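Please view the sequence and the model together.

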Amino acid sequence: MDPTQNDKEKKKKTRTETGLLRTYYFELFVNLPAGRYEYKFIIYDRKQDETGRWCYDQSKPHCSDGQGGRNNLIEITDNSPIEQIPDALLLNERSREDEIYHYVDTHCNIPNIMKAIGKEDWNSLYHDVISKDDNIVLDAVISVASDTDSRLGTLQLINSVPNIYGGFGIHPLYAKEYNPQTEIDLIQIMENPKTIAWGEIGLDYHEFGPQFSYAKPELQKSVFISQMKNAINLKKPIIIHTREAEEETFNLMKEYIPNDWKIDVHCYTDSLDFALKLLKEWENLYLGFSGVITFKSAHQLRQVVQSVPLEKLLIETDGPFLAPEPFRGKTGHPGYIPLIVSKIAEIKSLPPSTIYETTRINTRSIFGV
Ligand SMILES: [Zn+2]
């Protein structure tokens, strides 16, 4: 085979097999000058552990040439026939430098996203819609069911998909759905090991219809209080939804939620003062930011993102709602997280890798995933 032909073949192979980056991790490469490569490498398959988290399977290191074992030393030249070149070396240029980012969408509603997009199962939603970049890996999703309708679908999902976890509660706008039977059901659902939070619960005084046709403030407050008490009794982290009700939300939380409780004030859209007040009062409180931060008019919210420490931020899509720009108005889903991360990176003048890493750690601290 003439060298030019060989080069063409190499390029082709590199292009068609970059998908391998999701599966393999290259531990060590040594490039020698003058077109000769000598390298040692260890390859680990990627697998999901018992909790559904993606990791490298370090128990079975191997090489793609089938020799197996650690510290294989293979020497090839530019003229080596293509068949002798392990896939690993052809991917050399990308594999060592390219970072793989991991993220969790900490708040969305997968059954409602599937309904809106017209997908019947998680696998097709994931492969056809969400997963677009091999280097940005969705580790897990927290699918939050905050009305009676999506509760069953969410339960089926968390029971069948390893890396989908659930939050359950009654949203303030659906406060009318909270009755003794709902309460019994929710308490029972909290025993499911994949249920990682009670929520979203809180107050929403944004008037969608005339005179709080969804739920009047008095009803919202009593339903909020009952759910906070239950969550505390059951030692569950709490997901808060609050909108245009800063003072009353704060006062009720202060009365019922201990200072060390794990709290996610999700899809934060309120003032900077309120954000700082919340963070000061609860040491394990996090603020979740969605695609809203990319909206043109959201100057004040970007100020909040800039002022709040990265160690207190969570990322979420709130799908099917609030798809970020340039997809505003479309169905939101976990695949839009990279756009939210880029915006946070831009606002905070930090590299996206830092945003992925820190928010990933934050997610583990509050939800354990
Ligand atoms: Zn919400």
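Among contacts in the protein between residues at least 6 apart in sequence, what percentage join residues at least 24 apart? The share is 69%, where two residues are in contact if their C-beta atoms, placed from the backbone, lie within 7 Å. This is a predicted model, in which local features need pLDDT of at least 70 and side-chain atom pairs count only at pLDDT 80 or more, while totals for chains, interfaces and linings use all residues. Residues are numbered from 1 along each chain as its sequence is written.

**Overall composition**
- The protein contains 13 helices and 12 strands, taken as DSSP runs numbered from the N terminus (helices: H or I, at least four residues; strands: E, at least two).

- An open sheet of 8 strands has the order 5-6-7-8-9-10-11-12, with parallel pairing; two strands pair if DSSP finds at least two bridges between them.
- Strand 5 (101-108) and strand 12 (313-315) are the edge strands, each pairing on one side only.
- Strand 9 (residues 238-243) and strand 10 (residues 263-265) run parallel and are joined by 3 bridges.
- Isoleucine 238 has isoleucine 263 in strand 10 as its bridge partner.

**A helix pair**
- Helix 11 (residues 299-307) packs against helix 12 (residues 337-348) at an angle of about 75 degrees, the axes being 9 Å apart; axes are lines fitted to C-alpha atoms over the stretch in contact, and angles run from 0 to 180 degrees between N-to-C directions.
- Helix 11 and helix 12 are therefore roughly perpendicular to each other (65 to 115 degrees).
- Arg302, Val305 and Gln306 of helix 11 meet Ile344, Ile347 and Lys348 of helix 12 in this contact.

Notes. Angles under 35 degrees count as roughly parallel, over 145 as roughly antiparallel, 65 to 115 as roughly perpendicular and the rest as oblique.
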